[in-house]
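Please look through the sequence and the structure shown here before reading the report that follows.

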Amino acid sequence: MALEWVVLGYAAAAEAVMVLLLTIPGLGPLRKGLVAVIRNLLKPFLSIVPFCLFLFMDIYWKYEHRPNCEAESCTPTEHLRHQKSIMKSQRNMLLIVSALVFYWLLFSVTHLVIKIDQLNNRVEKLKNQ
């Protein structure tokens, strides 16, 4: 199961780097190439959404079927294991949410940059006429 979280972490990191590269000022000539590459990567990165939903359902199922350790019958080791499991689930849920938010940001920023480029081209065309 750890491989799934590594893949999701790398995907979220790649999305964050792409959003950062799109929003850094001063990359004028390089921006057109970045936009073209990122625009082509948006569809493959859409697979993040069902993958995150699958991982969310996995966390939910584990949470619902986790043995409770609230009674006095738990040993300190079992109690510690229970708390570690809860913290791991919270960390993984944060990773899921961040991957989805970064995808949404990447999608939105890419479309805004494309729209701005189209409007700039239209203004240049009107200035030349």
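Tyr103 and Phe107 both belong to helix α4 (residues 76–128), where they sit 4 residues apart, about one turn of the helix; helices here are DSSP runs of H or I with at least four residues, strands are runs of E with at least two, and both are numbered from the N terminus. A search of the whole structure finds 1 aromatic pair. In that pair Tyr103 and Phe107 are stacked, at 6.5 Å centre to centre and with 25 degrees between the planes; rings of Phe, Tyr and Trp (its six-membered ring) pair if their centres lie within 6.5 Å, and planes under 30 degrees apart count as stacked, over 60 as edge-to-face and the rest as tilted.

Tyr103 is buried at 10% relative accessible area, whereas Phe107 is partly exposed at 39% (buried is under 20%, exposed over 50%, partly exposed in between, with a 1.4 Å probe and protein chains only).

## Basis of the model

This is a predicted model, in which local features need pLDDT of at least 70 and side-chain atom pairs count only at pLDDT 80 or more, while totals for chains, interfaces and linings use all residues. Residues are numbered from 1 along each chain as its sequence is written, and side-chain values use heavy atoms, with hydrogens and water left out.

## Annotated spans

The unreviewed UniProt entry lists residues 7–24, 44–61 and 93–114 under "transmembrane region"; positions follow the numbering used here, feature names are shortened, and annotations may be inferred rather than shown by experiment. Residues 93–114 are 100% helix and 0% strand, with end C-alpha atoms 32 Å apart.
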